[in-house]
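Here is a short note to read beside the model. Please keep the sequence and the 3D view open while going through the points.

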Amino acid sequence: TNVNKVNSSETAALIKKAKETLVANDLGGYTVPTHGLYPFQWNWDSAITALGWKHFNEPRAWQEIEVLLDGQWDNGMVPHILFHQDSTTYFPGPDVWGSDKRVKSTSISQPPVVASVVKDMLETADDKTFARGKAESLFSSLVDYHLWWYKERDPLNTGLVVSYHPWESGMDNSPAWDEALAAVPCVDWEYERRDLGHVDSSQRPHKSEYDRFLFLVDFFKKHKFDSEVIFNECPYKVNDIGIIAILHKGSKDILALGETLGIQDERLDYIAERIALTQSAISTLWCPEAQYFYCRNVLTDTLCKVRTSAGMLTLFAGLANTEQKEILNTKAQQWNAASQYCIASTHPEESRYEPQRYWRGPIWLHINWMIALGFENEGFQQTADKLQSDCRALVDLSGYYEYFNPETGAGCGGKDFSWTAAIALHWLL
Ligand code: 9WN
């Protein structure tokens with residue numbers, strides 16, 4: 001349902017602008033998040049952006065996913081950035097990451113939302129035959145990608161994959177990472193940040209965080225991306241509730257896709273086993289005192305006790321039990337009411353909340369879309385509708401910025417941003 005569906009000229013203008021934004025960010029087969037600040041193909045941005053493309057150009061939407069999966073490593077990983085062509089406007093680029101693959105890339109991944117997007121694209125396709133052919137040809141890569149997460153990032157079968165870098169979470173400077181990141185040494189070389197040439201430093205991570213982000217990038221390179229060594233020695237290892245939830249949802253969607261496509265593949269049995277394992281392990285990330293799902297610092301075995309919107313993604317994944325669903329619903333309503341607009345990335349009552357500083361408070365539309373979908377799927381339609389109308393109000397007010405200040409609704413970060421425009425086309429207009 002779309003509570004905002006009004007046939008006003010305002011909506012028509014927003015639709016036009018959203019399409020123009022994607023077309024302007026199209027570099028021929030892949031879409032940059034925004035020019036200048038992010039001049040390459042990002043993993044979860046591309047998946048979300050395909051949801052926008054499909055509303056006016058289905059072949060182009062499929063191409064976005066094909067180009068993303070074309071950068072897949074032999075071990076199944078789909079990198080977090082694909083450096084298809086050079087650019088001087090972003091740091092750190094391919095040389096710093098140092099990967100030696102056919103398509104230059106980073107050596108970490110990002111929240112694997114792509115399988116869920118493919119399932120959506122097949123189900124809603126106008127041209128079903130075309131879409132079915134595309135989904136069939138991409139299916140095996142999606143399975144490989146999910147197997148990579150389970151085998152490489154949870155070799156001990158705990159049910160909870162680990163993440164090695166805040167950039168992998170897609171929520172770079174979330175306060176959830178503060179303690180785990182503080183234990184990482186600083187990089188010992190000088191560097192120039194390019195992000196600060198595009199966006200005011202008050203909206204970006206601090207140098208102390210970048211120093212550690214870069215130490216980790218060096219660490220992966222130094223160890224030649226050897227998964228066993230990195231698993232045993234990485235100075236940063238967290239269970240990210242966001243990645244775990246999105247992976248879980250994607251795995252269930254892979255099984256559903258397999259059925260729709262009539263694919264027999266024993267790797268799907270393995271995915272089913274992993275789904276069951278995560279379902280039984282997820283309770284260890286539930287904090288009884290806070291009544292909320294947290295991330296965990298694996299190296300110290302402590303929960304990262306700060307309420308971030310990632311915990312709400314357990315609903316999107318279908319990982320919350322009956323009691324937890326009710327609690328999350330009440331919490332979402334309070335969280336929503338604690339700011340002017342929808343769910344802020346960090347709860348506004350947390351001491352580490354900052355309304356403008358990237359993942360420490362601002363609102364991200366694609367996260368709110370996944371959270372709302374979770375509530376809708378679980379039967380909490382009112383909560384889902386409220387999130388949707390709040391998000392619509394944000395784009396009415398500020399257009400397609402990267403993210404939004406939860407107190408003023410002002411657009412922050414990069415402008416003419418692909419995933420914001422895509423979510424508008426897919427969910428809000
Ligand atoms: C590092 C592209 C990406 C998003 C992430 C967001 C930000 C990059 C950065 O931009 O991260 O990957 O340099 O800040 O945090 O979620 O995918 O939009």
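1. Just after α11, Gly262 takes a positive phi of about 65°. Helices here are DSSP runs of H or I with at least four residues, strands are E runs of at least two, and both are numbered from the N terminus.

2. Ground rules. This is a predicted model, in which local features need pLDDT of at least 70, side-chain atom pairs count only at pLDDT 80 or more, and totals for chains, interfaces and linings use all residues. Residues are numbered from 1 along each chain as its sequence is written.

3. UniProt, in an unreviewed entry, lists residues 38-420 as "domain: Mannosylglycerate hydrolase MGH1-like glycoside hydrolase". UniProt positions follow the numbering used here, feature names are shortened, and annotations may be inferred rather than shown by experiment. Over residues 38-420 the chain is 49% helix and 5% strand. The end C-alpha atoms of that stretch are 14 Å apart.

4. Helix α2. Residues 43-53 form α2, and 11 of its 11 residues are buried. Buried means that 20 or more other C-beta atoms lie within 10 Å of the residue's own; exposed means 12 or fewer, and partly exposed is in between, with C-beta atoms placed from the backbone. The buried residues include Trp44, Asp45 and Trp53. Their cover includes α1 (9-25), β1 (41-42), α3 (58-70), α5 (114-123), α15 (365-377) and α17 (418-428).

5. The ligand shell. Trp44 and Asp45, buried in α2, are also among the residues around the ligand. By class, the shell has 5 nonpolar, 2 polar and 3 charged residues. Ala, Val, Leu, Ile, Met, Phe, Trp, Tyr, Cys and Pro count as nonpolar, Asp, Glu, Lys and Arg as charged, and the others, Gly among them, as polar.

6. The sheet. An open sheet of 3 strands runs in the order β3-β6-β7, with antiparallel pairing. β3 (238-239) and β7 (302-304) stand at the edges, each with a single partner strand, so one side of each has no neighbour in the sheet. Two strands pair if DSSP finds at least two bridges between them. β3 and β6 (residues 295-297) are joined by 2 bridges. Val238 stands opposite Asn297 in β6.

7. Tyr164. This residue sits in the loop between α6 (128-153) and α7 (166-169). Is Tyr164 buried or exposed? Tyr164 is buried, with 20 other C-beta atoms within 10 Å. Tyr164 and Val238 are 74 residues apart in sequence, yet 6.8 Å apart in space, C-alpha to C-alpha. Leaving aside neighbours within four places in sequence, the contacts of Tyr164 include Ile108, Leu216 and Tyr236. Contact means that C-beta atoms, placed from the backbone, lie within 7 Å.

8. Ser174. Look in the loop between α7 and α8 (178-182). Ser174 counts as buried because it has 27 C-beta neighbours inside 10 Å. Ser174 and Arg360 are 186 residues apart in sequence and 5.2 Å apart in space, C-alpha to C-alpha. Beyond four places in sequence, Ser174 touches Ser169, Thr308, Ser345, Trp359 and Arg360.

9. Backbone points to check. The Phe91 to Pro92 peptide bond is cis, with omega near 0°. Pro92 lies in the loop between β2 (81-82) and α4 (94-97). Lys224, in the loop between α9 (207-222) and α10 (227-233), has a positive phi near 50°. Lys224 is exposed, with 12 other C-beta atoms within 10 Å. Phe225, found in the loop between α9 and α10, has a positive phi of about 60° although it is not a glycine. Phe225 is partly exposed, with 19 other C-beta atoms within 10 Å.

Notes. Two residues are in contact if their C-beta atoms, placed from the backbone, lie within 7 Å. A residue is near a molecule or strand if its C-beta atom, placed from the backbone, lies within 6 Å of it.
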